[in-house]
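Please walk through this structure one part at a time. The explanation begins with a helix and goes on to the core and the cavities.

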Amino acid sequence: MNSQNTPVHIRLWHRDFWLMAIANLLLTMSVYMLIPTMPRWFIDVQNFSPLETGLSMAAFGFGLFAFGSFVSFLVQRYRRHHVCMWSVVAMAALLFSLYYFDSHVCQFVEIPMVLLHRFFLGATFGLAQMVLTSTLIIDTCESYQRTEANHSAAWFGRFGLSLGPLAGLLIDRFMGFDAVLLAAAGVLAVSVVLIMMVNFPFRAPADDVPTTSLDRFFLTQGFPLYVNLQLVSLAIGILLSVVFSDLFFAMMMVGFLLAIMAQRIVFRDAELKSEVVTGLILIAVALLMMMTRTQQVVHYAAPMFVGIGTGLIASRFLLYFIKLSRHCQRGTTQSTFMLGWESGLAWGLGIGLALSYGRPQLALMMSLGCVVIALLMYHFVHDWFTRHKNR
């Protein structure tokens, strides 16, 4: 049977790996805290139109690609953990500057400033994530543990998709959006401290490193997989454009935990494509439930199904990228996966806000359409993957 499992090595879970995994969780939480709170602030307080709000949220996705071609040069030219730390510091400074401008300078912000702010927040987040996941986390473990390290650390970042919005909604409810910005900046500061606590050995830079390259940025041979992944994250992003309930994100976290258990028990010896197909079906069922049913159980079951489906799909696609890579391309696979996932979320959120704000049924239909297309495409992408994988 064509199956694969990620082994468990207890020795991987040492102090340095825990610090880096938690830093990854905090880094993602900081930007996910803004997903349900910033659009409402734009529309209700800043009087942005749904189109302006959608463009502002989508700008984050374009920013993710800004520094990608420079990552290899930066981590060779400078200490790699310093590059990551200063990127996170820049994110915190951007969030604090928006807080200061809103609360101390003027009541209303201009759309060009917001677009630039979101773009550079995406750019610094993308750089920090590329260095953290493609280099620093790998540096904390032995070579035979790297696949498990990538898989496990990615789960910590995935938890941020539920814990971040949940924290943002609770803070916004009791203290307002300015407190959300300060909390997100504070979370980033803790992330920097955790990175500083890890000792990374000095590595001499390689000779004649080009200023721009695709190394540690984008895995070109994985493009079909990238498009398929982005369709899935696009569907999740559109869904999140109409979700403003802390219960939804709490139950989504339950779904994530069930997905981890399912990977180890239900899908342990299952056929390789079963996880992605099951995940897409679960997300489709959740969307249909939200479109056609109003019972209280839907508010618990639907987000749980979304969490299970998202967890199964994202973790399996990450392993697919790793198995497509050639020698010394592991870091590039991590960046490619991150770009496909995060840009899809940002663009889906923007599309949902711009085209279907106030019309949740339309957003759910668009999300379901993306899921159906992703499922049809995966039938061909899976066959392509089995022919081209290198591991």
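**A helix and its surroundings**

The buried residues of α3 are Thr53, Gly54, Ser56, Met57, Ala58, Ala59, Phe60, Gly61 and Gly63. The model shown here is predicted. Elements that cover these buried residues of α3 include α1, α2 (38-45), α6 and α13. α3 itself has 14 residues, and from its first C-alpha to its last it reaches 20 Å, close to the 20 Å expected at 1.5 Å a residue.

α12 has 29 residues, which should span 42 Å at 1.5 Å a residue; the C-alpha atoms at its ends are 43 Å apart, so the two values agree. Of those 29 residues, 22 are buried, which means that α12 is largely enclosed by the rest of the structure.

In soluble globular proteins, nonpolar side chains tend to be buried together. The largest nonpolar core of this model has 135 residues, and Leu161 and Trp341 are those with the most contacts inside it. Helix α12 (residues 296-324) gives the most to this core, namely 15 residues. Which residues does Leu161 contact, leaving aside its neighbours within four places in sequence? They are Tyr32, Ile35, Leu240, Phe249, Met252, Phe256, Trp341 and Leu345.

Now consider the empty space. Rolling a probe the size of a water molecule over the atoms shows where empty space is left. How many cavities of 30 Å³ or more does the structure hold? There are four.

The largest cavity has a volume of about 230 Å³. It is lined by 18 residues, and the closest to its centre are Asn24, Gln129, Ala154, Gly157 and Phe337. At least two residues of this lining come from each of α1 (15-32), α6 (111-139), α7 (146-175) and α13 (330-356). α7 supplies the largest share, six residues. By type, the lining of the largest cavity divides into nine nonpolar, seven polar and two charged residues.

The second largest cavity has a volume of about 120 Å³. Its lining consists of Val31, Tyr32, Ile35, Met57, Phe60, Arg118, Glu342, Leu345, Ala346 and Leu349. Two or more of these residues come from each of α1, α3 (50-63) and α13, and the largest share, four residues, is from α13. This lining divides into eight nonpolar, no polar and two charged residues.

Two single residues complete the walk. Leu225 is found in helix α9 (residues 223-240). Is Leu225 buried or exposed? Its relative accessibility is 0%, so Leu225 counts as buried. Not counting residues up to four places away in sequence, Leu225 touches Phe317, Tyr320, Phe321, Leu324, Val381 and Trp384. Leu225 and Ser335 are 110 residues apart in sequence, and their C-alpha atoms are 13 Å apart in space.

Gly369 lies in helix α14 (residues 360-388). Its relative accessibility is 30%, so Gly369 counts as partly exposed. Gly369 and Leu258 are 111 residues apart along the chain, and 25 Å separates their C-alpha atoms.

Methods. Residues are numbered from 1 along each chain as its sequence is written. This is a predicted model: local features need pLDDT of at least 70, side-chain atom pairs count only at pLDDT 80 or more; totals for chains, interfaces and linings use all residues. Side-chain values use heavy atoms; hydrogens and water are left out. A nonpolar core is a set of buried Ala, Val, Leu, Ile, Met, Phe, Trp, Tyr and Cys residues joined through side-chain atoms within 4.5 Å. Buried means under 20% relative accessible area, exposed over 50%, partly exposed in between (1.4 Å probe, protein chains only). Contact means heavy atoms within 4.5 Å. On a 1 Å grid over the protein atoms alone, a cavity is a set of points where a 1.4 Å probe fits but cannot get out, and a pocket is an open set with protein on both sides within 12 Å along at least five of seven lines; lining residues have an atom within 4 Å of a point. Grid points are joined across faces, edges and corners, and a volume is the space filled by probe spheres set on the points. Ala, Val, Leu, Ile, Met, Phe, Trp, Tyr, Cys and Pro count as nonpolar, Asp, Glu, Lys and Arg as charged, and the others, Gly among them, as polar. The expected span of a helix is 1.5 Å times one less than its number of residues.
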